[in-house]
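Visitor: I have a structure open and would like to go through some of its residues. Could you take my questions as they come?
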Amino acid sequence: MSIGDFSVAGRLADTGEGITGDELQLAARNHGMPLEGLRYDVTPPGLHYVLVHYDIPATAAGDWRLTVGGRVEEPLSFGLTELRAMGRRTIRVTLECAGNGRATLQPRPISQPWLSEAVGTAEWTGVLLADLLRLAGLREDAVDVVFTGADHGVERGVEQDYQRGLSVAEAIESGTIVAWEMNGAPLPPQHGYPLRLVVPGWYGMASVKWLRSIEVIDHEFDGYQNKVAYVLRKTPDDPGRPVTRIEPRALLIPPGFPDFMSRHRFVAAGTVPLFGRAWSGWAPIERVEVSTDAGVNWHEAKLDAPSNDELAWRAFAYDWEATPGEHVLTVRAYDTSGREQPIEAEWNRGGFSNNTAQRITVLVT
Ligand SMILES: Nc1nc2c(c(=O)[nH]1)N[C@H]1C(S)=C(S)[C@@H](COP(=O)(O)O)O[C@H]1N2
Ligand SMILES: [Mo]
């Protein structure tokens, strides 16, 4: 169903055009993790980033049903108590919004205007999706699994429930879970109460919140969020490539103290301990480099032990001998698949997967 004007591409800001009212509306509803939140191994729920396309739906755990149907031997339906009886597994997952970094692109795609803080790491508890699919029994012609949330809205003229599809192989091999707890407590409303999907390694759009239905289909899912929204395109008619796993990124906690408005930093000369986290959805982090002269010289940071969940972020540290004057700090991550974070990522129309290296201006006094 189509409401109003439909266009595949969102708008790009004109040269020099400031943040629009539409972007402000989104930025006031959805929030990032303040970068000082990088100090926690596991992000406290109120600091974890939040992204909701439409409204947070009113949901009650008491009568919640999750159905598993489509190309399965035996369609199933679970209440929360029945689902809990299926098993209990906790995984640490770093989630990042595919649009993280969008607002720093030139030209700027008009959408949720993230800078670099659309990330968080939580411990999610639930049951393995693979166990639910095994219980229902996949038919031979199963191709994709479609996940539907309870929220509903319109995007570029298309009315829809929030829905994402994942191939059967990814659904099983990624270690995806259907979660009812975040950091040991029931999911907060904004994070999907009472049930959500968590797809480790994938950008956040795959982790459907307020999950009410799992449907196995015999063809590739062609829903809006897979085929129209989350696609890397250079031009509006570019068929593009789907957005999938998280590209490597390192972020520092900005050192010292900030100026209220510009967020520029002040530190005293001497040894300044720098601390941050790095992650990649493709493979574990292997190396992080720090530059304190805007990318001229690079130094290897000291990595902490990796987490048991190998795609969760990894802490790093570097002692900076800070001398008076203005300095630009920058960091980059490398993973064991050979992917390296670029200083400047390639532009795309949706502003997705922008893992351009962080830059922090510091005045050393
Ligand atoms: N049902 C539903 N699931 C959703 C969304 C949504 O709008 N509706 N947003 C997705 C996007 S784009 C992201 S980045 C993550 C954000 O998860 P969080 O808010 O728990 O951090 O949820 C995903 N799951
Ligand atoms: Mo997102």
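Visitor: Let's start with Ala 58. Is it buried or exposed?
Guide: This is a predicted model, so every answer here describes a prediction. In it, Ala 58 has a relative accessible area of 85%, and because that is over the 50% cut-off, Ala 58 counts as exposed.
Visitor: Where does Ala 58 lie?
Guide: Ala 58 is in the loop that runs between helix 1 (21-29) and strand 1 (66-70). Its C-alpha atom is separated by 9.1 Å from that of Tyr 193, although the two residues are 135 apart along the chain.
Visitor: On to Tyr 193, then. What kind of peptide bond joins Tyr 193 and Pro 194?
Guide: A cis one, with omega about 5°. Pro 194 sits in the loop between strand 8 (185-186) and strand 9 (196-198).
Visitor: And the bond from Gln 106 to Pro 107, cis or trans?
Guide: That bond is cis as well, with omega near -10°. Pro 107 belongs to the loop between strand 3 (89-96) and strand 4. For background, most peptide bonds are trans.
Visitor: Moving to the ligand. Which residues come nearest to ligand 1?
Guide: Ligand 1 has 18 residues around it, and the nearest are His 53, Asp 151, His 191, Arg 196 and Lys 209.
Visitor: How does that shell divide into nonpolar, polar and charged?
Guide: There are 10 nonpolar residues, 5 polar ones and 3 charged ones.
Visitor: What is the distance from ligand 1 to the side chain of Arg 196?
Guide: An oxygen atom of ligand 1 is 2.7 Å from an N or O atom in the Arg 196 side chain.
Visitor: How much of the accessible area of ligand 1 does the protein cover?
Guide: On its own, ligand 1 has 530 Å² of accessible area, and the protein covers 100% of that. The space that the ligand takes up is the largest cavity.
Visitor: Is Trp 210 buried or exposed?
Guide: Trp 210 is buried, because its relative accessible area is 1%.
Visitor: And what about phi at Asn 183?
Guide: Asn 183 also has a positive phi, about 50°. Asn 183 is in the loop between strand 7 (177-182) and strand 8, and at 26% relative accessibility it counts as partly exposed.
Visitor: Now strand 4. Which residues does it span, and is Thr 125 in or out?
Guide: Strand 4 takes in residues 119-128, and Thr 125 is in it. Thr 125 is buried, because its relative accessibility is 3%.
Visitor: Which side chain does Thr 125 contact?
Guide: The side chain of Thr 90, through a polar contact of 2.7 Å.
Visitor: Last one. Where does Asp 319 lie?
Guide: Asp 319 is in strand 20 (residues 314-322). With a relative accessible area of 49%, Asp 319 is partly exposed.

How values were computed:
Residues are numbered from 1 along each chain as its sequence is written. Chains are lettered from A and ligands numbered from 1 in the order in which they are written. This is a predicted model: local features need pLDDT of at least 70, side-chain atom pairs count only at pLDDT 80 or more; totals for chains, interfaces and linings use all residues. Side-chain values use heavy atoms; hydrogens and water are left out. A residue is near a molecule or strand if one of its heavy atoms lies within 4 Å of it. A polar contact is a pair of N or O atoms within 3.5 Å; within protein, one must be able to donate a hydrogen and the other to accept it, and residues adjacent in sequence count only if both atoms are side-chain atoms. Accessible areas come from the Shrake-Rupley method with a 1.4 Å probe; for residues, only the protein chains shown count as cover. On a 1 Å grid over the protein atoms alone, a cavity is a set of points where a 1.4 Å probe fits but cannot get out, and a pocket is an open set with protein on both sides within 12 Å along at least five of seven lines; lining residues have an atom within 4 Å of a point. A molecule sits in a cavity or pocket if more than half of its atoms lie within 2 Å of its grid points. Ala, Val, Leu, Ile, Met, Phe, Trp, Tyr, Cys and Pro count as nonpolar, Asp, Glu, Lys and Arg as charged, and the others, Gly among them, as polar. Helices (H or I, at least four residues) and strands (E, at least two) are DSSP runs, numbered from the N terminus. Buried means under 20% relative accessible area, exposed over 50%, partly exposed in between (1.4 Å probe, protein chains only).
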